[in-house]
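Hello,

Here is the structure you asked about. My notes follow below it.

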Amino acid sequence: MTFCVENETGTALSFDAEVLARQVIEATLDYENCPYEVTLEIVLTDNEGICAMNKEFRGIDNPTDVLSFPNVDYRVPADFSEVEDRVEDYFDPDSGELCLGDIVISIDKVYEQANAYGHSIEREYAFLIAHSMLHLLGYDHMEPDAAAVMEHRQEEILSELGITRI
């Protein structure tokens, strides 16, 4: 797996963001039975930075906690059966890894939401990565049934890692 965590904020976290990201990414890929090595990027920004991206890409002029930019189009979430039919679109020609996409997280929102929900900053950060990883794997939460599926998967992934709300 190839990924990087780029912190654009200058805000230091009290934990190793790359180590925790790797754990959540690997757990999500294992949970979804991804048969490929993958590449992705995580960008840590602030509310101002994510607000600008949210406005540009979604037409919403407000900060959000996380944005996901998937590279793979799935007919069915996490169904990798058609991925190899589009090698030139989905795989890095140098590494052969599946290019999943990008994750952008507002560090300001990580702190705000951890405080609001009464859990650790690490838990909120891990939750946002799991949430975004599921988006990169084709899940969404636009309909109540789809949201329930996604929420269940997020909680199972984090529970497997021992990352709970308390």
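What volume does the largest pocket have? About 320 Å³. A pocket here is an open set of points on a 1 Å grid over the protein atoms alone, where a 1.4 Å probe fits, with protein on both sides within 12 Å along at least five of seven lines. Its volume is the space filled by probe spheres set on the points, which are joined across faces, edges and corners.

First, the basis. This is a predicted model, with residues numbered from 1 along each chain; local features need pLDDT of at least 70, and side-chain atom pairs pLDDT 80 or more, while totals for chains, interfaces and linings use all residues. Side-chain values use heavy atoms, without hydrogens or water.

Helix 2 (47–58), strand 3 (66–70) and helix 5 (121–136) each supply at least two lining residues. Strand 3 gives the most, with four. Helices (H or I, at least four residues) and strands (E, at least two) are DSSP runs, numbered from the N terminus.

Now the fold. The chain has six helices and four strands. Their order is β-α-β-α-β-α-β-α-α-α. The C-alpha trace spans about 45 × 30 × 30 Å along its principal axes. Buried residues (under 20% relative accessible area, 1.4 Å probe, protein chains only) make up 46% of the 166. Of contacts (heavy atoms within 4.5 Å) between residues at least 6 apart in sequence, 70% join residues at least 24 apart.

Best wishes

Conventions. 1 Å grid on protein atoms, 1.4 Å probe; cavity = no way out; pocket = protein on both sides within 12 Å on 5 of 7 lines; lining within 4 Å. Buried < 20%, exposed > 50% of the residue type's maximum accessible area, 1.4 Å probe, protein only.
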